[in-house]
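Start with the structure itself.

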Amino acid sequence: MTKGEVPNIVALEVLKKNGVNVDKLKELLTKGVGAEFTTYYYYTILRMHCTGLEGEGIKEIVEDARIEDRNHFEAMVPRLYELGGSLPRDIRKFADQAGCPDAYLPDNWEDINSILKVLLEAEQCAIRSWGEVCDMTAGKDPRTYDIAQRIMQEEVEHEAWFIELLSKRPSGHFRRKFAGQSPHTGSQGGLIHL
Amino acid sequence: MKDTIKEERYPVCKSAELADNTMRKITVDTIDLLVGRKNGKLFACDNFCPHKGASLSKGHFNGDNIVCYMHGYEYNLFTGKLEKMTSWKKEDTWVEQDAEWRKSGDLILYPISEEDGMIYVKKPG
C-alpha cells in the first residue's frame, strides 16, 4: 500500500449498507462540533459578565455548561475523522458553517436575565442540532449515535438549568461535582483533561 | 426499448395517501426527500435545509413556504427560493449574526408527478 492510500474501511462500508448518507452525516457533525466550539468561546465572554449579587451565583453554572460544551467538541471530533471527515482548515470558515448562531453578549448584559436568555437559546439550538444526528444514526450507526445521545443528554440538562433560573420552576437536578464534569460524555473522545 | 423515464422515478405512495396540506419524509437511495401536497399542488424537495442541514420535515407550512424548525428560514416549495432569513435576535439588545453565518442557498427541488392513482418522484442524482 502506498503512502496516503486508504484501504477499504469496513466501519464505513457497514454504515452505507445500513442506509446512512455518510456525506450528510459528516456535514451535520461538522456543523454540530462547530456550534460547540463557538459556544465554548462565547460562553467564556458571557461568564465574565455574570457579576453582582445575582450574577456571581450563576457564574459557576455557566462555567459547567461552558466546559461541557468544549467536551462535546472533544467527544465528537474523533468520530468525524473516523468517518473520513475533517475540520475546516480556517477557523473563520469553521465558525461560519456552525449549526447554531454565535451566543453574542447582549447589549444589556448588566441584566443577568438577558444573559440567561442567550444561554438558553444556544442550548436549545444544540438540542435540535444533536437531535438531527440522533435521528440520522438511530439503528444504523451505533457509534455515532452513542456519542450524539450522550451530548444530547447534557444539552438537555443545560437547557433545564437555564429554564429553571429564568422561570424558577421546580428543579430536579443538583450541582455538578466539579466544573465540566460531563457525566454522560466524560468517557468519550479521550478527554484527558478530565 | 427501455422506458428510462419510468426507471428513474421512485414510487412515493398512493395518491389517496397524501392528503392536501400535508408532507412526509421519504428516503431514496439514502437521500432524504420531503414530498407533499399544498393547496392541491404536489412538491418534492431535499429534506436537508440549505442553511444548516436541519430536517425540513420537522418544519411547518407558511403559505407556499416551508419554515425550517431550526432557525426559521423559509423556502418556497415550488420555486425553491429562499424567501425569508429569520433573524436570530429575540430581543432588541441582541447582536445580529454575521452575514456569512446567515447566508443560505436555495432549496433543491425534484420533479414529482401523479399517474394512475400513484405519486412518483424523480430519483435524485
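Two residues are in contact if their C-beta atoms, placed from the backbone, lie within 7 Å. The model is predicted.

**A helix pair in chain A**

On the H2(A) side, the residues that meet H5(A) include Leu25(A), Leu28(A), Leu29(A), Gly32(A) and Ala35(A). Their partners in H5(A) include Ile115(A), Val118(A), Leu119(A), Ala122(A) and Trp130(A). Sorted by class, this contact holds 14 nonpolar, 4 polar and 2 charged residues.

How do the two helices lie? H2(A) and H5(A) pack at an angle of about 160°, and their axes are 10 Å apart. Angles over 145 degrees count as roughly antiparallel, and so H2(A) is roughly antiparallel to H5(A). The crossing of H2(A) past H5(A) is left-handed.

**Where chain A touches chain B**

Chain A puts 21 residues into the contact, and chain B puts in 18 residues. On the chain A side, helix H2 (22–48) and helix H5 (112–137) are the elements that give two or more residues. H5(A) gives the most, with 6 residues.

The classes for the two contacts are set out here.

**Chain B**

Chain B has 2 helices and 10 strands. From the N terminus, its elements run α-β-β-β-β-β-β-β-β-α-β-β. Its C-alpha atoms fill a box of roughly 65 × 25 × 20 Å along the principal axes. Of the 125 residues in chain B, 30% are buried.

Note on methods:
Residues are numbered from 1 along each chain as its sequence is written. Chains are lettered from A and ligands numbered from 1 in the order in which they are written. This is a predicted model: local features need pLDDT of at least 70, side-chain atom pairs count only at pLDDT 80 or more; totals for chains, interfaces and linings use all residues. Helices (H or I, at least four residues) and strands (E, at least two) are DSSP runs, numbered from the N terminus. Axes are lines fitted to C-alpha atoms, for helices over the stretch in contact, and angles run from 0 to 180 degrees between N-to-C directions. Angles under 35 degrees count as roughly parallel, over 145 as roughly antiparallel, 65 to 115 as roughly perpendicular and the rest as oblique. A crossing is left-handed if the near helix is turned anticlockwise from the far one by less than a right angle, and right-handed if clockwise. Ala, Val, Leu, Ile, Met, Phe, Trp, Tyr, Cys and Pro count as nonpolar, Asp, Glu, Lys and Arg as charged, and the others, Gly among them, as polar. A residue is buried if 20 or more other C-beta atoms lie within 10 Å of its own, exposed if 12 or fewer, and partly exposed in between; C-beta atoms are placed from the backbone.
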